[in-house]
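Subject: Structure handover

Hello,

Here is the structure we talked about. Please open it first, then read the notes below.

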Amino acid sequence: MVVPAVRTESLTVEYRHGRGIAEVSLEVPAGEVFGFLGPNGAGKTTAIRTLLDLLRPTSGRAEVLGHDSVSGSLEIRRRTGYLPGEFALPGQLTGRQALDWLSSLRPDSPPIRRDELVERFSVELDRPVRQLSKGNRQKLGLVQAFQHDPELVILDEPTSGLDPLVQDEFHRLVRAHVGRGRSVFLSSHSLDEVQHVADRVGIIREGHLVAVETVEVLRSRGLRRVTLLTTDPTAAEARLSTLDSVSELSRRGDRLDFAVSGAFDPVIAALSGVPVVDLLSRAADLDEVFLALYRGQADPS
Amino acid sequence: MSRIPVLAQELRDRRRSLLWWSVGVAGWILVVSAMYPTIRDTSGISELVSQYPKNILALFGVSDMDFSSGAGYLAGELFGFVIPLLVLMLTIGAGASIIGGAEERGLLDLVLSHPVRRRRVLLESAALIVVLALVFGTVVLLSLAVMDPIVALQLSVANLLGTVLGVVLLGITLGWLALVVGALTGSRGRSLAVTGAVAALAYLASSLAQLVDALRPVRLLSPFWYATSGSPLVAGYTWWYAGVLLAMAAAVLTVGVIRFDRRALSA
């Protein structure tokens, strides 16, 4: 049997002042990108930090690479890379000194990928960290998480502060990493992002894991917000209102706003012949997605 | 590569400030001891000082102000208050920031996501505080060794070594307390507040115990009592007090190791 990258059983972490996570059970097989999706404060960071023994479970347990998160923590940390949600480095070090310092904490795992990663992300190595922009610091964070080519990389909101081009490069890096049989566990509050990069997505809300879905399922059932500009809004409105997958249709001048759940092609088909000036489609925010996905079941209240 | 890589960074950070601190301490000692011949030879100062109320003198950590000998002068002017204060500023400041400060800055999470035991981080930090206290003690010794022949302080080598040992161990004990409080609270500020309060109370317990009988049992809990009481530069250091200080420091560190291992770190 292949050892899963991450496995939790009823993992519960309670804080003195509430919040935390409750009864989270999930399994991430090796070779997968698992996206942990939820709004800020939902418990993503708590779960991640428990995997690295920065927090202890109140009850339940977690295993990483086959080792218990508490008793096997040293071995886990030897074989993983981690990017914290708030990535900080000693400000007076240059990027190179910071990476050297962190490598020195892993004497068994030389930074074999550093040069390649530095080049790939055009990382600034010779300036003190405190002079770097948030994005450039975050790139250093990515390099230190991947530089020793770990079996599992755990990333907490890895793309915060990165510009879109760098985000794309990061997504390619993640896909290539699992392409070589390694695993990535990342958290995000952006559905678009996890859809881009993950194989499966766990949705966490108020400390509870409410669903684990493949990205295909999320896409097929996902909710999108659409804005349509047309010179013939009356015809467009009439056609769209016949579709089951379209809801919340509203019209303001020659602009129509509506939500689409599931497949998009019926919308395109319905609009054929209508003079479209512009069509803008974006993912609905998480709460809306959640409601669209689980309306009627697992009522969270 | 450094043998204590976790702290290689801390050491580098502190090297320059330690250098300036040493220069300042040495300068202060040189100036104070250079004034000794003048004060000794000015008739009346000793008499004046000896008329000070005893409790005022006690507050400054001196039981008998005696400016007629180098040892008596330095015991009053340096070792009663200023030198302990300086060593504590150094070790408590470092102790509070090494782990508590690192956690506040979000660095501890990153370090401990590497294959490094928490115990090791704490013990390396404790070792760094020992180094700071020893550097401080060495600067004090060297400064006085230079001045002794120049201004005829006529210090006893054994008494001087004992006095400096007491000061170094005081710095280590309260520095470790600051380290442990920082490691258990994750807050540099809280560590400074708690350790500062402990140091102040311990100082008062030790110095006022000479005057207030009710305080006499309490002084036995005070690290100051075992480090600076009874003017060791004049009367000689009670060597077994060093063992008491070491035991206190070890107890604090042991509690720290046990509790820090289990603590939930703040993100």
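A salt bridge here is a side-chain nitrogen of Lys or Arg within 4 Å of a carboxyl oxygen of Asp or Glu. By that rule, the side chains of Arg49(A) and Asp109(B) form one, with N to O at 2.7 Å. The rule finds one salt bridge across the interface of chain B and chain A.

Some ground rules. This is a predicted model, where local features need pLDDT of at least 70 and side-chain atom pairs count only at pLDDT 80 or more, while totals for chains, interfaces and linings use all residues. Residues are numbered from 1 along each chain as its sequence is written, chains are lettered from A and ligands numbered from 1 in the order in which they are written, and side-chain values use heavy atoms, leaving out hydrogens and water.

**The interface**

Chain B gives 26 residues to the contact and chain A gives 24; contact means heavy atoms within 4.5 Å. The buried area is about 2,300 Å², with 60% from carbon and sulfur atoms. (Buried area is the accessible area, 1.4 Å probe, that two parts lose on being put together, summed over both.) In chain B, Leu110(B), His114(B) and Pro115(B) lose the most area to chain A. Together they account for 27% of what that side buries.

Ten residue pairs across the interface are in polar contact, both residues at pLDDT 80 or more. (That is a pair of N or O atoms within 3.5 Å; within protein, one must be able to donate a hydrogen and the other to accept it, and residues adjacent in sequence count only if both atoms are side-chain atoms.) On the chain B side, helices H1 (5-34), H7 (107-112) and H13 (240-262) each give two or more residues. Helices (H or I, at least four residues) and strands (E, at least two) are DSSP runs, numbered from the N terminus.

**Inside chain A**

Two strands pair if DSSP finds at least two bridges between them. Two bridges join E4(A), residues 59-64, to E5(A). Val64(A) has His67(A) as its bridge partner in E5(A).

Now look at Glu169(A), in helix H6 (residues 164-179) of chain A. Its side chain makes a polar contact with the side chain of Arg172(A), at 2.9 Å. Glu169(A) also touches Arg120(A) and Phe121(A), not counting residues up to four places away in sequence.

Best wishes
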